[in-house]
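This briefing goes through one chain, topic by topic. Please keep the sequence and the 3D view open while reading.

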Amino acid sequence: MPQEIEVLLPPEVAYDEMARYRALLNAAGLVPGQADFVHLRKRSIDARGRQPQVRLRADIYQTPPPANLFGPWFHYSNVSQARRSVLIVGAGPAGLFAALRAIELGIKPIVLERGKDVRTRRRDLAALNKEHIVDSDSNYCFGEGGAGTYSDGKLYTRATKRGDVGRILRLLVQHGATPDILVDAHPHIGTNKLPYVVQALRDTIREAGGEVRFETRVTDLVLEQNNLRGVVTATGEALEADAVILATGHSARDIYELLHRRGVLIEAKPFALGVRVEHPQELIDQAQYRRKDRGGLPAASYALVHQTQWQNKQRGVFSFCMCPGGFIVPAATAPGEVVVNGMSPSRRDSRFANSGIVTAIELEDMDLRQYGALAGLRLQQDIEQRACQLAGNTQLAPAQRLGDFLKGKVSAELLETSYQPGLVSLQMEEVLGTGLAERLRQGFRNFGQKIPGYATNAAQIVGVESRTSSPVRIPRDRDTLQHPEVRGLFPCGEGAGYAGGIVSAAMDGERCAEAVLAAISA
Ligand code: FAD
């Protein structure tokens, strides 16, 4: 049995491999040579005291550690000749993990993805950033790996009861992610590493006899009464299988329109809307760590929330997808709209900290009478199109310095930014509308009391942060995970309203594959 120890160490020691090794042995009363292996199990930052410390939990082995400690943990048999097959629409985390689980269960997955493979997709992202060209099939949301590929790769989730988080993390490590994600309290991979992991996941699917087809947009359903037999692609090809897992993400507006048109029940759903705020990373580091330099600690992050009140309605304003040392990116999926989001590289070493600051949009805020199930989607679309028009009909994004936004004054000059297409100084209230702007102001004022320097002109807000989650839910039965009215349709992941992030989408993908097996076995 290993000896379990827990220690608090200064960051300079905790993040230096040799120094850490000696400190852990010392804490166990051992000297180098007396232990076979030191296995780090958990690492978290404790910034409550005057000086931040790093809490480590480790197992010290004085005998050789078990072989399965290092993986590989997962093995796949070949399913190319399997009797059963499943069509999986979308190669985001939900679709890819559904495919891997299907293989484990002996079902052949056929993954259909409208976008391109990760490498080719990168060229379209360059055109988006430099030439403002939005390809509606290949962008920051669409393409291999889905919205998760060019992201921060943050891997923590609150949905721990909806699946096995550790399993998802081990799968990612087996496909090339750093083993640190198994240890860190707030694991992340980084946008520079994610494409390789995604490519390795695809290789595993193909090597096990599954199919992954790129540039294959699904445009219709093969419906026989209330049974879904398959799908039709943009080229007119009809594909059939035992079941269809629909994992098209929160930005596939054409899929929601298709379901609506074909009479498949969908529902409007609350979501969140706001802006992205950008600060110098140094300001956030100094406020969070209360020291002049980081001293070996990773770029600091924050999580903020405040209850606001406007016209007798209470709404939370909260930070969302905070990216320390990151970049703001153009996340539009069609020409004529401006949408921003954030990502960061594995080292989180850009000079900027950015975060979505958003507020809940409830059903009562939507025009349900006119737009029905698509009411949230229309509201989201309107604001994205207004942002684009007011900023000049390119991918230039509307922006305002935060202190000016609080005073209602257009910024005479904007700050340097990580947003590559560029910014236009505007009164953000014109883009957001009075209600949303007022709530965000209340939120920002409160955040300024929590983090010194936060709500000042040292920061600027960039709009609009509108793709936080899906404005539509595709209903499904709690037990069978099938659509309540269409047999053979398994709504999956973030776009269907059952996930919010990479890990929860991956876990939902796995659950849907298991539900497909249960349905076809029955
Ligand atoms: P998606 O990842 O959206 O995948 C859906 C896929 O379906 C896409 O590849 C799309 O091209 C495809 N598709 C759509 N329509 C069709 C069609 N008609 N035919 C065929 N294919 C279709 N989450 C985190 O947990 N951590 C982060 O750090 C993080 N950062 C993010 C940064 C950015 C810039 C963005 C945009 C998102 C970020 N997210 C992050 C959110 C996360 O990426 C999503 O929650 C997650 O990817 C959802 O997974 P999904 O598989 O359900 O859908």
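Helices, of type H or I and at least four residues long, and strands, of type E and at least two residues long, are DSSP runs numbered from the N terminus. By that numbering, Val464 lies in strand β20. The model is predicted. The chain is assigned three domains: domain 1 (3–70), domain 2 (85–266 + 474–521) and domain 3 (268–465).

**Domains and their contact**

- Between the centres of domain 1 and domain 3, taken over C-alpha atoms, the separation is 39 Å.
- Domain 1 supplies seven residues to the contact with domain 3, and domain 3 supplies six residues.
- On the side of domain 1 that touches domain 3, five residues are nonpolar, one is polar and one is charged.

**Ligand surroundings**

- Domain 2 and domain 3 both contribute residues to the shell around the ligand, so the ligand lies between them.
- The ligand has 43 residues around it, and those that come nearest are Gly90, Gly92, Gly146, Gly249 and Gly493.
- Two or more residues of the shell come from each of the elements α3 (93–104), β16 (340–343), α14 (493–496) and α15 (502–521).
- By class, the shell holds 21 nonpolar, 16 polar and six charged residues.

**The three-stranded sheet**

- An open sheet of three strands has the order β1-β3-β2, with antiparallel pairing.
- Its edges are β1 (3–9) and β2 (37–46); each has a single partner strand, so one side of each is left without a neighbour in the sheet.
- From one strand to the next, the twist averages 20°.
- β1 and β3 run antiparallel and are joined by seven bridges; Ile5 stands opposite Ala58 in β3.
- Helix α2 (residues 17–27) lies across β1, β2 and β3, and runs at about 120° to β1.

**The seven-stranded sheet**

- A second open sheet is formed by seven strands in the order β13-β14-β17-β12-β20-β18-β19, and its pairing is mixed.
- The edge strands β13 (305–310) and β19 (423–425) each pair on one side only.
- Neighbouring strands in this sheet are turned against each other by 35° on average, direction ignored.
- Helix α8 (residues 281–289) lies across β12 (271–280) and β17 (352–361), at about 95° to β12.
- Helix α10 (residues 375–390) lies across β12, β17, β18 and β20 (460–465), at about 135° to β20.

**Backbone geometry**

- Gly71 and Pro72 are joined by a cis peptide bond with omega about -5°; Pro72 is in the loop between β3 (53–61) and β4 (85–89).
- A cis peptide bond with omega about -5° also joins Gly463 and Val464, and Val464 belongs to strand β20.
- Gln225, a residue other than glycine, has a positive phi near 50°; Gln225 is in the loop between β7 (218–224) and β8 (227–233).

**Database annotation**

- UniProt, in an unreviewed entry, lists residues 197–269 as "domain: FAD dependent oxidoreductase".
- Over residues 197–269, the chain is 27% helix and 36% strand, with the end C-alpha atoms 32 Å apart.
- The unreviewed UniProt entry gives residues 270–468 as "domain: FAD-dependent protein C-terminal".
- Residues 270–468 are 29% helix and 30% strand, and the end C-alpha atoms of that stretch are 11 Å apart.

Technical notes
Residues numbered from 1 in each chain as written. Predicted model: local features only at pLDDT ≥ 70, side-chain atom pairs only at ≥ 80, totals over all residues. Pairing = 2+ DSSP bridges. Axes fitted to C-alpha atoms, helices over the stretch in contact; angles between N-to-C directions. Contact = placed C-beta atoms within 7 Å. Near = placed C-beta within 6 Å. Nonpolar A, V, L, I, M, F, W, Y, C, P; charged D, E, K, R; others polar. Domains from an automatic or database assignment. UniProt positions renumbered as here; feature names shortened; annotations may be inferred.
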